[in-house]
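Subject: Structure handover

Hello,

Please find the structure below.

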Amino acid sequence: MFLIACPHCGPRSQAEFVYERAEEAVAYPDGTPQETLAALYTRANPRDFAWELWRHAYGCRGWIRMRRHRTTHEIAEIEAVGARL
Amino acid sequence: MIDRDRGIAFTFDGRTYEGYPGDTLASALLAQGVHLMGRSFKYHRPRGVMAAGVEEPNALVGVGTGGRFEPNTRATDLFIYEGLKAVSQNRWPSLGLDIGAANSLIARFIPAGFYYKTFIGPPWLWKIYEHVIRQAAGLGAAPNAAEADAFEHRAAFCDVLVVGSGPAGLAAALAASEAGARVILAEQDIRLGGALLRDPATLDGLSALDWIAEAEARLKTLGARILTRTTAMGYYDHNQLTLIERRVEAGQTPGPGGLAQRLWRVRAGKVVIAAGASERPVLFSNNDRPGVMLAQAARSYRRRFGVLPGRRAIIATNNDDAYRTALDLAEAGAEIVAILDSRPLADSPICQAARAKFRAHLDARLVAALGSKRVNGATAVVAGRTISVEGDLIAVSGGFTPLVHLHMQAGGALDWNDAGGAFTPGAGRQGQISAGAAARREGLSEVLADGARAGGEAASALGFRSGTAREAPIAATAFDAPHHTLARFETAPGVNLKTAFVDTQNDVTAADIDLAWREGYRSVEHLKRYTTLGMATDQGKSSNILGLARLAAAEGRTVPEVGLTTFRPPFTPVTLGALAGEATGADMAPLRRTPLFSVHAALSPPWQPVGYWQRPRAYPRPGESLAAAGLREALCVRQSVGMTDISTLGKFEIVGPDAAAFLARICATPVAKLAVGRGRYTFMLREDGMVVDDGTLWRLDEHRYLLTSSTGGADRMPALLSYVRHILDPGLKVAFASVQERWGAVAVAGPGAAAVVRSLGLEPPAHMGLTRGSVDAGQVLVLAASYSGERAFEIYAPAHELTDLWRRLDTAITSEGGTTYGLEALELLRIEKGHIETGAEIDGRRTPGDLDLQRMLRGKGGYVGAPALARPALTDPQRLRFVGLEAVSGAPIPEGAMLLTKAAGRPHGHVTSAGLRLDGSGAGIALSLLKAGPERLGETLIAASPSRGRNVLVRVVSPVFHDPEGTRYRE
C-alpha cells in the first residue's frame with residue numbers, strides 16, 4: 001500500500017485514495033474518435049515514470065497529479081490539480 | 001529455557017504425553033522418544049522432525065478441535081499448552097501402520113507432471129485416477145466449523161522496524177533505539193535471542209540469556225515496542241509490512257478478550273532484516289527418514305530444549321558450523337560415530353578440535369540413510385571408497401540460505417556467493433537493510449557488529465544523531481569464525497535419485513527434477529509448476545536452492561543464470577481469519593439506513609441488500625409468502641395506489657451559471673432546452689460509449705438542477721461529476737453536491753396517486769413537472785415521474801422530516817384503499833412497463849442503441865462517451881439488444897436463462913429480468929438482451945436454465961407490455 005503525500009492533507013495511506021487514470025488517458029468529449037480510442041486503448045505503457053490522476057476520495061476529495069514509477073511505484077512528484085492555474 | 005517444575009499434558013494421536021513450558025510439540029515428542037510424526041504427501045513415507053523452526057517441512061500436524069482446528073501446523077513452531085490436542089496427518093489407519101505407504105512401492109508411477117499427464121490422457125482415465133488421488137494425496141484436513149475466535153487489525157508507525165531478534169536484530173534494535181529512533185522489534189519465536197538460544201556465548205561479560213534480558217529491558221526503557229510470537233509476513237510498497245502477532249498458539253482458546261491473532265500494518269522509515277539463514281538439507285537416498293535432522297536443529301534441541309535427538313550421531317557437512325553440533329552433542333553424552341565432511345580440506349581450529357576427538361572423514365559424502373521409521377545407520381563414499389556406519393541420528397548441513405524473502409518482496413536485487421552456494425541480498429529498492437546471517441555474515445562477533453552497523457545506519461539515514469550510536473556488543477564464544485562453506489550440490493555416486501528428496505513436503509525427488517529437465521522444462525518457473533517443487537506450505541525454504549542447483553547443473557549453467565522464482569508473501573502460512581480481521585459477519589460492511597429504516601424495521605420485512613443499504617422486499621401480511629405479497633402490492637398499485645421508500649436513489653444538486661453546460665457533459669440527452677420547473681429522463685455514458693446509469697434531471701431554477709441516479713450509481717456518479725468539473729472542464733462556473741442523504745423521498749404511484757397528493761394539500765404537477773409545497777410546515781418537493789407506468793409522484797422531504805411525511809401518506813393511502821410496497825412490486829411494475837434498470841439491462845456493456853435509447857441521444861455530441869460511439873462495432877445490428885419476451889405457455893420465465901434456438905450453437909442472448917403480467921393473466925414475461933433483438937419480433941426461442949432445470953418456450957415481443965401509449969401516467 002502506497003504512502004501518498006496529499007498536497008492538502010499530508011502523507012496518507014493509499015486506502016484513502018482512488019486511482020483515476022493516467023494523465024494521457026484523459027479523453028475529451030469533443031475529441032475525434034481516433035484521439036479518444038488512442039487515449040483509451042492504445043497508449044504505451046513503458047517501465048518508467050508517468051503522470052497520473054488520483055483523487056483523495058476518502059479525505060479532502062481533491063484531485064492530485066502524481067508522477068509515479070510504473071514498476072517500482074516510487075512517487076517522484078505530487079501536486080494538487082489546479083495548483084498551476 | 002525449559003521450566004521443568006511444571007508439567008504440561010497434551011495428546012498426540014489420542015495418546016497423552018507430558019512436556020514442559022517452553023517446549024515445542026516437536027521437542028516434547030522427541031523428549032518422549034517419538035520420532036515418527038507424520039506421513040508424506042504423495043508416498044506416505046514416514047517422516048520425523050528435520051528442523052527446529054518455521055522451515056520445518058515434515059512434522060506437520062492438525063491442532064485443536066471444531067472452530068479452532070488448524071491443519072498443517074509445524075510441530076517445531078507450536079509451543080505446547082495444557083490440553084493441546086494434535087493429530088498426525090496423511091496416515092490411515094494409523095501413523096505406525098499406513099496402508100497408503102504402499103504408494104512408496106508404486107512411487108515410480110507418480111513422477112513429476114503426473115497430474116498434467118493424466119489431464120492430457122483420455123478423460124475417463126482421470127476419473128479413475130482422481131478417486132485414488134483424492135484418497136491418498138493432500139495435506140491435512142480443512143476445518144469443518146466456523147472460526148471460533150476474534151482477530152483484529154492494527155496500524156502502527158515506526159522509524160526502524162527490526163525483523164528478527166537474534167544477535168544481529170538485537171544489536172540493530174539497540175543501536176537504532178540509542179540513537180533516538182522509534183523502534184519496533186518483531187520476533188516470531190516466543191522469546192528473544194534467535195541463534196543465541198542455540199549456542200553458548202558471553203556478551204559484554206554476561207551469559208547469552210542474561211544479555212538478552214538486559215537488552216530487552218534496555219529497549220523497553222528506550223521506548224521500543226517488542227512484539228514476540230510475531231512474524232513479518234510481507235514487505236509491501238513504500239515500506240509497509242504486515243506482521244502477524246499470535247496471541248495464542250494454534251488450537252488454543254484465547255483468554256479474556258478472546259483475541260487469537262493480531263495483524264499489524266507497520267509503516268516504517270527503515271527496515272532492518274535480521275531474519276537469519278536457513279540450513280539446507282543434503283541429497284542422499286532416504287534423506288527424509290526420521291532421524292535425519294539439520295545440524296543446527298540438533299543443537300537447538302540439545303541446548304534450548306534439553307533433548308538429545310540421538311545417542312549415536314553421524315554428522316554430514318560441507319562447512320565448519322556442523323562441527324559445533326558434533327562438539328555439542330558429545331558434550332551432552334552422545335557418541336559421534338563419524339563426521340563426513342564433503343570438503344577436500346578442513347583445517348580451521350574447530351575442525352582440528354573435532355578431529356582430535358572424533359573420527360572425521362574429508363571428501364566424504366552420504367549415499368544412503370538406513371532404517372525405515374528411524375535411521376539406524378548410513379552408507380557413504382569417502383574418497384571413492386564406500387563405508388558403512390551405524391547411528392540413530394544423521395545431522396546434516398548442506399550450507400546456509402540467507403532468508404532474503406522480505407528483501408526480495410521489497411524489490412531488492414540478489415548477489416550469488418558461489419562457495420556458499422547462496423543468494424545474498426544485493427541492492428535494496430526501498431528502506432530495507434539486511435544484517436547478520438540474513439546478509440551471510442558468519443561468526444558471532446561479525447554478526448553483532450553487522451547488526452549494530454545496520455541499526456546505526458538506519459537511524460542516521462532518518463536523521464537521528466549517529467554520533468551516539470551504540471558500539472556493537474563484545475562477544476566471547478568458542479570458534480568465533482565464518483563457516484567456510486564449500487557447497488557441492490551434485491549427489492554422490494550410488495545415490496538412488498528416486499528416494500533422494502529435494503522437497504520433502506511435496507515429495508519431489510532428484511529424479512523428478514531430472515525428469516522435468518529431460519522433458520524440456522528449462523525455465524525455473526516451469527520446473528516449479530511441473531514438479532511442484534517449493535509449492536508446499538513451507539514454500540521451499542529448505543528445498544529451492546537444491547532444486548535450482550540441480551536444474552542448473554543439468555543445463556550446464558550457473559545457479560544465478562537459472563534464476564529464482566518470486567518470493568511472495570506470506571513468509572509462513574497465515575490463518576485466513578487474521579486477514580479478515582474484524583470484518584466478518586455483520587461487521588463485514590457498514591449498514592446504511594434510510595430515514596425510514598426504523599419504520600420499515602418495525603414491520604420486520606424481508607430485507608434486500610442493495611449496496612450497503614437494506615431495503616424491504618415486500619410487506620407480507622401474516623401467513624403470506626414473499627411472492628404473494630409482492631404480487632398483491634403490485635396489483636394494488638395498478639388498481640388503486642401504493643407508496644414506497646426511494647430515499648436510496650442518488651441525488652445531486654448542480655448550481656451555477658454554467659450548470660447547463662456542465663450537465664451537457666454528463667448527460668447524453670438534450671439539456672439546454674429543459675424549462676424551469678420541468679424534468680426529463682436522462683442517462684450517462686462511460687468514455688467507451690457504454691451506458692453506465694440512468695436517472696432524471698430536473699431544473700429547479702434558472703441555474704439550479706437536481707440530478708437523480710440509481711441507488712448503485714449514487715456511489716459512481718460523484719466520480720464522474722468530479723472528473724468533468726476538475727479535469728475535463730475546470731473553467732466552468734459550477735458547483736455540485738451529493739444531496740442523497742439530505743433528501744429522503746417517497747414514491748406514490750397508482751390511479752389514486754393524485755388524490756393522495758391533493759389530500760396532503762399539495763398540487764399534483766403534470767407528468768415530468770414539479771411543484772413545491774409544505775406538509776405540516778415542512779417543505780417538500782413534488783416531482784411527477786413514473787417508474788411503474790402509473791400516474792406517480794416522487795415526494796422529497798428533508799431526511800429528518802421524512803418519517804412524519806411517511807405517516808401522513810400512510811393514512812391518506814390507507815383511506816384510498818392503497819398499500820406500501822417493496823422492491824418485489826417495484827420490479828414487477830417496471831418489468832411490465834419495460835423500463836431498463838442499472839445492474840440488469842444496463843450491465844456496462846450496452847450502448848444507447850442496444851437499449852433502444854438511440855433516439856434520445858443529443859445529436860451534437862459533446863458528452864462523455866460521445867466520440868467512442870462512432871466505432872463501427874458499436875452500431876453492428878448483431879449486437880445484443882433490448883427486447884421483451886413472453887412465455888408461449890404463460891409459465892414463469894427463469895431469470896438469467898440463456899436464449900437458444902432449436903439449432904445447435906452458442907446462446908443468442910439471455911434473460912435480464914423476469915416478471916409476470918399484472919393484467920390478471922399472470923403470464924410469464926421477461927426483459928432480455930438478444931442478438932439483433934428488435935429484428936426478431938415474433939420469433940420463438942428456448943429460455944434454458946440448466947441451473948434451475950427449466951426450459952421455457954418464449955416469443956420475442958416489444959419490451960413494453962403495459963400501456964405502450966403511455967396514457968396512464970399522463971392523465
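This is a predicted model: local features need pLDDT of at least 70, side-chain atom pairs count only at pLDDT 80 or more; totals for chains, interfaces and linings use all residues.

Residues are numbered from 1 along each chain as its sequence is written, chains are lettered from A and ligands numbered from 1 in the order in which they are written, and side-chain values use heavy atoms, leaving out hydrogens and water.

Chain B has 971 residues, 58% of them buried (under 20% relative accessible area, 1.4 Å probe, protein chains only). Its C-alpha atoms fill a box of roughly 110 × 70 × 55 Å along the principal axes. Chain B contains 23 helices and 50 strands (DSSP runs: H or I of at least four residues, and E of at least two).

At the interface, 22 residues of chain B are in contact with 27 residues of chain A (heavy atoms within 4.5 Å). The two chains bury about 2100 Å² between them, with 59% of it on carbon and sulfur atoms; this is the accessible area (1.4 Å probe) lost on being put together, summed over both parts.

The rule finds 2 salt bridges across this interface (a side-chain nitrogen of Lys or Arg within 4 Å of a carboxyl oxygen of Asp or Glu). One of them joins A:Asp30 and B:Arg665, whose closest N and O atoms are 3.0 Å apart. On the side of chain B that touches chain A, helix α20 (residues 713-728) gives the most, with 6 residues.

Regards

Notes. Buried means under 20% relative accessible area, exposed over 50%, partly exposed in between (1.4 Å probe, protein chains only).
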